[in-house]
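Here's a quick briefing for anyone opening this structure for the first time. Have a look at it, then read on.

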Amino acid sequence: MKTDKLIDMLSTNLEPVDHRHPSRALIGAVAIAVSTALALMLMALGIRHDLTNVPALLSFGLKVLFAGVILGLAVVSLSKVIRPGGEGTVSLTLISLPFIAITLLALAMLAMSPSSHWRTMLLGNQWLECLLSIPLIAIVPFALITWVVRQTAAPTNLSRAGAFVGLAAGSISALGYALHCTDDSVPFVALWYGGTIAVCTLAGVKLGPRLLHW
Amino acid sequence: MTTAETDLKALMLAGLGGDGAAYRTLLDRLSRHLRAYFAGRLSRAGRPATDSEDLVQEALLAIHTNRHTYEPSEPFTPWVHAIARYKLIDHLRRSRTPGVHLSIEDSEAIVAENDDRAGAESALDLNKLLDRLPDKMRRAIRCVKIEGLSVAEAARRCGMTESAVKVNVHRGLKTLSRSIASGRQP
């Protein structure tokens with residue numbers, strides 16, 4: 001094929017396009033992913049029943065804040081990395097801040113408690129359930145966001161784009177899990193919420209090059 | 001800001017708004033830059049320069065089908081450079097070129113040189129590529145992009161709605177671009 005012929009073809013009957021389309025589609029996908037993850041979590045595990053008392057509500061608030069801040073940062077970064085050349089404009093330091101903050105807070109809580117309590121603070125009652133639920137439920141948001149990125153965008157650093165898809169999916173899933181989870185110590189949240197979201201991010205790094213290729 | 005950046009960006013913005021003439025000029029100028037860029041990088045990697053026209057066309061298709069991912073408030077050259085480099089790295093990986101290390105380069109590299117060989121031709125066969133598309137996409141592309149019928153005329157001829165024609169043209173070009181990228185081209 002002659003290159004001139006290709007250029008003719010591409011510029012014939014050219015349609016105008018809207019550059020806001022990828023970001024809008026991404027926000028739509030995230031909204032659907034959040035509702036789906038909440039619904040799945042409520043159906044599979046159910047909501048915790050003590051949300052009327054203050055300590056439970058505070059801990060629930062901390063979990064939502066932690067996952068919500070990560071989700072916000074992930075979506076903003078994702079809307080940049082899914083455009084060609086956008087990988088250079090995201091700050092990895094900024095993304096790590098919520099993780100550093102909750103780790104420091106957890107260490108402070110542990111330091112203030114007798115070491116005999118550490119085991120319970122770190123493992124809670126349901127660490128295994130948390131470890132399994134967050135990555136499993138994250139599969140649905142991961143698939144949804146990946147699909148939208150494939151349809152509307154063109155990332156040029158696929159591992160990094162995959163990482164942010166994983167980070168967003170993990171934090172969406174953690175948001176949902178917070179409605180159910182009654183393990184309320186900060187070290188538990190830091191270890192199991194932070195850890196499982198990190199696992200989802202790592203899965204994104206590994207899967208990105210295969211799933212987001214164009 | 002270089003003059004290439006200013007000119008190309010203005011053409012791109014007009015193209016995004018639907019100005020076909022400006023867009024044709026843009027693609028024509030980009031094809032010269034891309035040709036020089038790919039030929040230079042391929043020869044440095046010890047690959048035959050004959051592949052370079054395939055890459056030029058693959059990059060043009062990628063630029064076209066992803067033109068909505070260009071953010072008008074950002075400079076244009078780095079966006080084109082990112083696509084060209086992505087396609088180059090992908091090509092080298094597909095052709096299993098061992099031990100190639102692409103040096104870090106400035107995005108200006110993409111507009112640094114021109115190669116305006118007239119009538120350059122790739123090994124890609126448009127008809128074969130089109131034949132592999134689903135029927136609706138192939139017909140929509142033939143009517144609108146090759147025969148130059150208006151969307152309304154194409155809709156009447158193909159028995160589709162106008163928006164279905166547009167969607168099929170867009171999806172068809174995207175599928176075409178992907179099928180070249182995944183190396184299914186004989």
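Chain B splits into domain 1 (3-111) and domain 2 (126-181), with bounds that come from an automatic or database domain assignment. This is a predicted model, where local features need pLDDT of at least 70 and side-chain atom pairs count only at pLDDT 80 or more, while totals for chains, interfaces and linings use all residues. Residues are numbered from 1 along each chain as its sequence is written, and chains are lettered from A and ligands numbered from 1 in the order in which they are written.

**Inside chain B**
- The centres of domain 1 and domain 2 of chain B, taken over C-alpha atoms, sit 24 Å apart.
- Each of these two domains of chain B puts six residues into their contact (in contact means C-beta atoms, placed from the backbone, within 7 Å).
- On the domain 1 side, helix 3 (residues 52-65) of chain B gives the most, with five residues; helices are DSSP runs of H or I, at least four residues, and strands are runs of E, at least two, numbered from the N terminus.

**Chain A on its own**
- Chain A has eight helices and zero strands.
- Its C-alpha atoms fill a box of roughly 75 × 35 × 25 Å along the principal axes.

**Where the chains meet**
- Chain A brings 26 residues to the contact and chain B brings 44 residues.
- Helix 1 of chain A supplies the largest share of chain A's side, seven residues.
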